[in-house]
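Hi,

Here is the structure for you to look through. My notes follow below it.

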Amino acid sequence: MSLALTRAGGPAIVGNAERRGGRKDHSGHEATVDESIVGPDPWTRRVFGGYLPLIIACLIIVLPLLWMVLGSFKTADEVITQDLVLWPHHPSFAAYANASAKVNFPQLFMNSVLVTAVGATVKVVLAITSAYAFAFLRFPGKRIIFLAILVALMVPSQVSLVPNYITIAGMGGVNTYWGIILPGLGTAFGTFLLRQNFMSLPIDVLEAAEMDGAGHLSRLFRMVVPMSTPAIATVALVTIVDEWNNYIWPLVITTDDSRMTLPVGLTLLKNIEGDPSAYPILMAGAVVVILPVLIVFLFLQRYIVAGLTQGAVK
Amino acid sequence: MSASGTIAGPRRRLNRRRLRESLLFVAFVLPNAALIAVFTYRPLILNVWYSMLDWTLGSARATFIGLGNYREFFTKDAGAVLGTTLIFTVVTVGGSMLIGLGLAVVLNRRLIGRNPARATVFAPYVLSGVGVGLVWTFIFDPVGGVLAAVLRKFGASSPQWFLQPGLSLTMVIIVYIWKNLGYCAVIYLAALQAVPRDLLEAAALDGAGRSRTFRSIVWPLISPTTFFLLMTTILSSLQSFDLIRIMTPMGQGTTTLMYASYLQAFGGYNRAGYSSAISTILVVILLILTVFQMRFLERKVYYA
């Protein structure tokens, strides 16, 4: 997934996640056409220009995911038949068990959890400290360093594949957790987003704390971090989702299924299970990789959408 | 930093404070900056060097061949790869922006349940590309797939999505749009909601119909968003990998620049030098687009 961003301090950056704490849409205010002037929508327009396309769009999004869940509870016979079986006749977790027999699913899951937890934690900490430094500390050449970090957002990790593989493999990092985690730890996105947020904090409160003799560390952890919880939550959630879904690097750096993350393990599963009867197993795998993110998204979508569309619209 | 020896007390104290502040800055920024330097910037330079080598991945020996890899690419693979990249990018970008705008217009109406609908439409954007690719592989399967079953109901047989290159590309494009259109929809929606209400009311009072209002007021006002989306979706489309890898592992009909670079190094050929050459070409394209975007955004004109 790619991150939306314009340029440093540009006009298009949404500054503060706190604004989204309210109950409105994340753009802040409603600007639909005032019906008292335009007149109410005729019902035909409401249906054909409103509810109907909306329902169709939602169905197109939801049905494939529903199909995935149903498929994971079917038997092999039910998916290779010429007559479409909509609902599994004998819903069972057999596919999940079978998938675990082919590749070590609990292990893959634990690997993904570990890589995500460690990677996201380090990234969020790095983002907080870097953002604080760029927002509040003086240093010669600070602007240029910030710009360099910012521009890194434009460089896709895909193009660094061969050089990073050579580096990590040379250090003995193939099939290791640190080899999976290390190259992705630098965070331009989090640094950028949190710096924007820190700079919008009430400066007089921080200055008052400084007068009272509070050092940088105590100002950071006692004031800046607590005041920026929504923004930090946004960065954390986006980072977690990114780490969980991360595919190309773990795919390249792991060959042993004891260290593979879920997406890589699923690739292996697809490779060894070539014929259509394996679909219940593959759907079980898809459920395991998709469902956790979907659940998190359902409850915290406001933060995630805000984080991912940050910087797009004024 | 200035650090002269003999100065009065307060000055020295100030200097010491500046020094401590600088040290804290280094402690706070260095890990992050070093990681980005080593794993983001250094590879860009290494790529250029590697791209001039005839080098098998894992081999200790490499031969310098100058621009040989580039010559090979532009005489052998460029036509097919650049063509596929162009089709994939144009159709996915156009498709997701167009459908996204349409959905945004609908979501901007006062409808019951439009917030859950907005979230639903956005959801696929955050889901694992591998998981999504598997789900759609199942749907498109010519034997057990639900699409094939529906076609059978109408007496048609399923196309061979996974065997014919053109169909494979079509399939991956459809899934890519499915996964990414929510991003365009949500950003367009925010732009629509930022259109000043009084302009719309004035247009309505002047007797402008909906389509006229959209063409003459809304579309020009959201043109910066259109441009922004155009650039960001082109950039991410050029980098897309997950769906292509999981749905068409051999890159049949779907070998874009990105995927060609992956296949050459890690798809069995182990051609590190050639892969780096393709990566470098991709970086140059991304760079040109980024510079173009920044230049353009400097002038924030509405009537672009």
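In helix 5 of chain A, the residues A:Phe105, A:Leu108, A:Phe109 and A:Ser112 meet helix 14 of chain A. On the helix 14 side, the partners are A:Leu262, A:Pro263, A:Gly265, A:Leu266 and A:Leu269. Please note that this is a predicted model. Helix 5 covers residues 105-136 of chain A, and helix 14 covers residues 262-272. The two pack at an angle of about 150 degrees, and their axes are 8 Å apart. Angles over 145 degrees count as roughly antiparallel, and helix 5 and helix 14 of chain A are therefore roughly antiparallel to each other.

Next, the surface of chain A. A nonpolar patch of about 650 Å² is there, made by A:Leu291, A:Ile295, A:Val296, A:Leu298, A:Phe299, A:Leu300 and A:Tyr303. One of these, A:Val296, sits in helix 15 of chain A, residues 279-309. A:Val296 counts as partly exposed because its relative accessibility is 32%.

Now chain B. It has 12 helices and two strands. The order along the sequence is α-β-β-α-α-α-α-α-α-α-α-α-α-α. Chain B has 304 residues, and 55% of them count as buried. Take the contacts in chain B between residues at least 6 apart in sequence: 67% join residues at least 24 apart.

One residue to look at is B:Thr280, in helix 12 (residues 272-298) of chain B. Is B:Thr280 buried or exposed? At 13% relative accessibility, B:Thr280 counts as buried. Leaving out residues up to four places away in sequence, B:Thr280 touches B:Asn47, B:Val48, B:Ser51 and B:Tyr70.

Best wishes

Notes:
Residues numbered from 1 in each chain as written. Chains lettered and ligands numbered in written order. Predicted model: local features only at pLDDT ≥ 70, side-chain atom pairs only at ≥ 80, totals over all residues. Heavy atoms only, no water. Patch = residues over 30% accessible without salt bridge, like charges linked within 9 Å, V, L, I, M, F, W, Y side chains within 5 Å. Areas by Shrake-Rupley, 256 points an atom, 1.4 Å probe, with all protein chains shown as cover. Salt bridge = Lys/Arg side-chain N within 4 Å of Asp/Glu carboxyl O. Helix = DSSP H or I, 4+ residues; strand = E, 2+ residues; numbered from the N terminus. Buried < 20%, exposed > 50% of the residue type's maximum accessible area, 1.4 Å probe, protein only. Axes fitted to C-alpha atoms, helices over the stretch in contact; angles between N-to-C directions. Parallel < 35°, antiparallel > 145°, perpendicular 65-115°, else oblique. Contact = heavy atoms within 4.5 Å.
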